[in-house]
Amino acid sequence: WLFGRLAEAVAWSRHPKSMKSNPVESLNKRKGLLSMALALWSLPAIGAPGDHIGTEGFEVTPELEMLSIYRTNLFLQEGTAGGGAPVTSGAAVQLRPNIGLRMKGDEADIRLKGGYAARKFLNPDLSNLDRFKDMNLGLKMNLLPNSLVGVRAFNNFFISGRETEAVGSDDAYVTHLKEQGQGTVVIRPGSSLSLDLGGGVDFDSYQVPEGRNVTGESSLNSRLGYGANAAVDWSFFPKTAFIAGYEMTWFDWDDNLIDARGDLAVESEFGDFIGVPDGQEWQAKGGLRGRLTPKLEVELVGGFGKLLYDEGSVAEDDSSADADSSELDGSVAGFAEDVDTFAEGFLLDVGIRYLVNEGTNIVLGYERGFEDVFFTNFVGFDTARISIESRLADRLLLTPQFGYRLEKYVGEVSRDDHLLRARFNVEYSLTSYLFLKSGVWWIRRASADGAHPEMEYDDVHIRAGLTLVY
């Protein structure tokens, strides 16, 4: 039905006079155009490889990535250097098909993108690291983009996994499922000013390897968040804008008291239970974003926010009858912690992109903020990053990247971590649709004060493969 209406709309816009002159002739022409449109949709491809599939106003972009990966620390273990067990290395093959759909017209721009990842390790002893459930699906809609009032909406769904030290478990991953949706009404009183008013809902679910606690269940916790937001964008120069926004969010955890019994590493430090309270968060930001010179783009946004927790939600949890009274007292257990001071709530986002020449640009960034986490109250973070993108001879793309993040976890679980990431990726265009990719990645997590060596690890990735984009 949708494609039929679109075909009629396209036919009407191209032949308005002929369709008004004679109703019968108009109807026959519309039927013929509709049949032609449906025939075009049924074609497997309407372009050479690399040109994508589709017709004017509708495009399909299939992609297939095939990778071989070697890693030095598969379970993210501390290693013998820190007094732990020897790390485990291994190689895997990964297949990642993706597809993108775009339907664009004067009244709507709709994009849909989905992907799936399958990973198989070559060593049969590493079968608990095989992964066949990661996927993502995203939808973006921009309706009536040139009207006084329009609508924007997006939805994002993904399932991802992070390795743990559960070497003996059938599945050695912490699995994160996330569903996030948001809708916004856009008001444009002028060509340079827009006002956004909207709201959203997000859901998070976490699963851990079975047998990590006394219950033996894989489900750890889930979180439901909902809220409202407002934003203004004023382009006082053609490519430079003043932006400001406010967001308010409420969130509820399914389990406010996590049962840690059976997980010896956690139980020995935090006791039988860990409190994870419900709460509410707000953030207000404002700043500048845009192109200052033909070679320089800058984003400078600052603000303040608060993250306030409801300590009583822990005592009201169904598992509270099994907990000691001290584990239900936030001031004793440690979960009576909020983001309520200027030092904790100060927000900053700085981004600089400089075009060195036609094929090379440098990106610098810094971000300071905070967020709720699933195993304690919150984490405050400072992140610095640099990346260089350089294209040589139109076929070779080099992308070195480095990032540093200081994480301060606050709540019943409290610690400070250094997180360092470095990547060097190389991409060579064999044709307009076939790309040879390789790269070396390094990641290190370290305890800032040395008090938590059990969380430290180093991991090196060596990657090589092909990507086909039709």
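Trainee: Leaving aside its neighbours within four places in sequence, which residues is Gly199 in contact with?
Mentor: In this predicted model, Gly199 is in contact with Gly181, Gln182 and Gly183, and also with Gly227, Ala228 and Asn229, once its neighbours within four places in sequence are left aside.

Trainee: And where is Gly199 found?
Mentor: Gly199 is found in strand β8, a strand that covers residues 193-207.

Trainee: How far apart are Gly199 and Val185?
Mentor: From C-alpha to C-alpha they are 9.4 Å apart in space, while in sequence Gly199 and Val185 are 14 residues apart.

Trainee: Which elements give two or more residues to the nonpolar patch?
Mentor: Those elements are β6 (149-163), β7 (173-190) and β8 (193-207); Ile187, for instance, is found in strand β7, and it counts as partly exposed because its relative accessibility is 31%.

Trainee: Changing topic, how do strands β14 and β15 pair?
Mentor: Strand β14 (residues 296-310) and strand β15 (residues 346-357) pair in the antiparallel sense over nine bridges, and within this pairing Val301 stands opposite Asp349 in β15.

Trainee: What about β15 and β16, how many bridges join them?
Mentor: Nine bridges join β15 to β16, and the two run antiparallel; Leu348 stands opposite Arg368 in β16, and a hairpin through two residues joins β15 to β16.

Trainee: Staying with β16, is Asn361 buried or exposed?
Mentor: Asn361, which is found in strand β16 (residues 360-372), counts as buried because its relative accessibility is 13%, and the limit for buried is under 20%.

Trainee: Which residue does the side chain of Asn361 join in a polar contact?
Mentor: The side chain of Asn361 is joined to that of Arg353 by a polar contact of 3.2 Å.

Trainee: And which residues does Asn361 touch, not counting those up to four places away in sequence?
Mentor: On that count Asn361 touches Arg353, Tyr354, Leu355 and Val356, and it also touches Ser387, Ile388 and Glu389.

Terms used:
Residues are numbered from 1 along each chain as its sequence is written. This is a predicted model: local features need pLDDT of at least 70, side-chain atom pairs count only at pLDDT 80 or more; totals for chains, interfaces and linings use all residues. Side-chain values use heavy atoms; hydrogens and water are left out. Helices (H or I, at least four residues) and strands (E, at least two) are DSSP runs, numbered from the N terminus. Buried means under 20% relative accessible area, exposed over 50%, partly exposed in between (1.4 Å probe, protein chains only). A polar contact is a pair of N or O atoms within 3.5 Å; within protein, one must be able to donate a hydrogen and the other to accept it, and residues adjacent in sequence count only if both atoms are side-chain atoms. Contact means heavy atoms within 4.5 Å. Two strands pair if DSSP finds at least two bridges between them.
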